[in-house]
Amino acid sequence: VKVTNKEDHILVELEKGVFVSGDWQLQKSVRDQVDEVVARISPFHETLSVTVSGHADKRPLKPRNIYLRDNFDLSSLRALG
C-alpha cells in the first residue's frame with residue numbers, strides 16, 4: 001500500500017497483484033495493510049472524504065451468476081470490498 005500526502009487530499013494506492021485473478025477479495029497481506037490505513041483515518045471520518053476506485057482483470061470474465069456477469073461487475077465488487 002502506498003500512501004501519498006497531496007496538497008488537498010491523501011492518495012492511497014494498492015499495488016498490482018492485490019487480487020487473485022477473477023476474485024474480488026483482497027489477499028490477506030494487503031487486507032491487513034488496508035485495515036491499518038482505515039484504523040488510522042477513522043478518527044477523521046466526519047471531515048474526511050474517501051473515494052475508492054476498483055479495476056478488473058485485463059482478460060474478460062466469464063459470467064458466474066446473476067451478480068457477477070462481467071469485468072464491470074468484478075470491478076464494482078472490488079471497489080465495494
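This is a predicted model: local features need pLDDT of at least 70, side-chain atom pairs count only at pLDDT 80 or more; totals for chains, interfaces and linings use all residues.
Me: Which residue does the side chain of Arg69 meet in a salt bridge?

Reply: Its partner is Asp73, at 3.6 Å from N to O.

Me: And is Asp73 buried or exposed?

Reply: Buried. Asp73 has 11% relative accessibility, and the cut-off for buried is under 20%.

Me: How many salt bridges turn up in the whole structure?

Reply: The search finds 3. Another one joins the side chains of Lys28 and Asp32, at 3.0 Å from N to O.

Me: Where are Lys28 and Asp32 in the fold?

Reply: Both are in helix α1, which covers residues 28–41. They are 4 residues apart, so about one helical turn separates them.

Me: How open is each of them?

Reply: Lys28 is exposed, at 52%. Asp32 is partly exposed, at 36%.

Me: What about Arg40 and Glu36?

Reply: Their side chains form a salt bridge too, at 2.7 Å from N to O. Both sit in helix α1, 4 residues apart, which is about one turn of the helix.

Me: Is Arg40 buried or exposed?

Reply: Arg40 is exposed, because 60% relative accessibility is over the 50% cut-off. Glu36 has 40%, so it counts as partly exposed.

Me: New topic. Where is Arg78?

Reply: Arg78 lies in helix α2, residues 71–80. With 9% relative accessibility, Arg78 counts as buried.

Me: What does its side chain reach?

Reply: A polar atom of the Arg78 side chain lies 2.8 Å from the backbone oxygen of Asp23.

Me: Let's zoom out. Which elements make up the chain?

Reply: There are 2 helices and 2 strands. From the N terminus, the order is β-β-α-α.

Me: What are its dimensions?

Reply: The C-alpha trace spans about 40 × 25 × 20 Å along its principal axes.

Me: How much of the chain is buried?

Reply: Of the 81 residues, 15% are buried. The chain exposes about 6,900 Å², and carbon and sulfur atoms supply 55% of that area.

Me: Last one. How many charges are there?

Reply: There are 12 positive and 12 negative charges.

Notes: Residues are numbered from 1 along each chain as its sequence is written. Side-chain values use heavy atoms; hydrogens and water are left out. Buried means under 20% relative accessible area, exposed over 50%, partly exposed in between (1.4 Å probe, protein chains only). Accessible areas come from the Shrake-Rupley method with a 1.4 Å probe; for residues, only the protein chains shown count as cover. Lys and Arg count as positive and Asp and Glu as negative; His and the chain ends are not counted. The place of a charge is taken as NZ of Lys, CZ of Arg, CG of Asp or CD of Glu. A polar contact is a pair of N or O atoms within 3.5 Å; within protein, one must be able to donate a hydrogen and the other to accept it, and residues adjacent in sequence count only if both atoms are side-chain atoms. A salt bridge is a side-chain nitrogen of Lys or Arg within 4 Å of a carboxyl oxygen of Asp or Glu.
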